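These are my notes from a first look through one model.

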Amino acid sequence: MKIKLIFSTETKDTEQWTDLPFIPRVNEWINVVDILKKEELVQVWQSAQSWSGTRGTVQSVEYRYDDQGFFVEIYVWCED
């Protein structure tokens, strides 16, 4: 199932489409370093006010539908 990850900071939201072997739960930590490329990670890190750059907290998990079918939308909070 395709997953839309939205990495959110105080100033900016960054979207990333991926396939994960699991669906994380709300309030779980997710290892952002394993998902994003180095350039994408730096972009999120620069928009954060205070973030270690390694993990984020899952804020919401929503199931959505578009023209291509169902997908999961996950908001990941990237601030410490």
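Entry 1, terms and ground rules. I call a residue buried under 20% relative accessible area, exposed over 50%, and partly exposed in between, with a 1.4 Å probe and protein chains only. The model is predicted, so I noted that local features need pLDDT of at least 70 and side-chain atom pairs count only at pLDDT 80 or more, while totals for chains, interfaces and linings use all residues. I number residues from 1 along each chain as its sequence is written, and side-chain values use heavy atoms, with hydrogens and water left out.

Entry 2, the sheet. I took helices (H or I, at least four residues) and strands (E, at least two) as DSSP runs numbered from the N terminus. Two strands pair if DSSP finds at least two bridges between them. I looked up the strand order and found an open sheet of 5 strands, β2-β1-β5-β4-β3, with mixed pairing. At its edges are β2 (13-19) and β3 (29-31), each of which pairs on one side only. Neighbouring strands are turned by 40° against each other on average, direction ignored. For such angles, axes are lines fitted to C-alpha atoms, for helices over the stretch in contact, and angles run from 0 to 180 degrees between N-to-C directions.

Strand β1 (residues 2-8) runs parallel to β5 (residues 69-77), and 6 bridges join them. Within this pairing, leucine 5 stands opposite isoleucine 74, and serine 8 has tryptophan 77 as its bridge partner. Strand β4 (residues 55-66) runs antiparallel to β5, with 9 bridges between the two. I noted arginine 64 as the bridge partner of phenylalanine 71 in β5. There are 2 residues between β4 and β5, which form a hairpin.

Is lysine 4 buried or exposed? I found it buried, because its relative accessibility is 14%. Lysine 4 sits in strand β1. I then listed what lysine 4 touches, leaving out residues up to four places away in sequence: Glu15, Gln16, Trp17, Phe71, Val72, Glu73 and Ile74. Contact here means heavy atoms within 4.5 Å.

Entry 5, salt bridges. Side chains of opposite charge can pair when their charged atoms come close. I counted a salt bridge when a side-chain nitrogen of Lys or Arg lies within 4 Å of a carboxyl oxygen of Asp or Glu. How many salt bridges does a search of the whole structure find? The search gives 5. One of them joins glutamate 15 and lysine 4, at 3.6 Å from N to O. Glutamate 15 is in strand β2 and lysine 4 in strand β1, so this pair, 11 residues apart, links distant parts of the chain. Glutamate 15 is partly exposed, because its relative accessibility is 49%.

Lysine 4 also forms a salt bridge with glutamate 73, where the closest N and O atoms are 3.6 Å apart. This pair is 69 residues apart and again links distant parts of the chain, with glutamate 73 in strand β5 and lysine 4 in strand β1. I checked glutamate 73 as well: its relative accessible area is 7%, so it is buried. Arginine 64 forms a salt bridge with glutamate 73, with 3.1 Å between the closest N and O atoms. At 34% relative accessible area, arginine 64 is partly exposed. I wrote down the network of salt bridges that links Lys4, Glu15, Glu62, Arg64 and Glu73.

I found a nonpolar surface patch of about 640 Å², made by Met1, Ile23, Tyr63, Tyr65 and Phe70. Patches are made of residues with over 30% relative accessible area and no salt bridge, joining like charges within 9 Å and nonpolar side chains (Val, Leu, Ile, Met, Phe, Trp, Tyr) within 5 Å. Accessible areas come from the Shrake-Rupley method with a 1.4 Å probe, and for residues only the protein chains shown count as cover. Tyrosine 63 lies in strand β4 and is exposed, at 56% relative accessibility.
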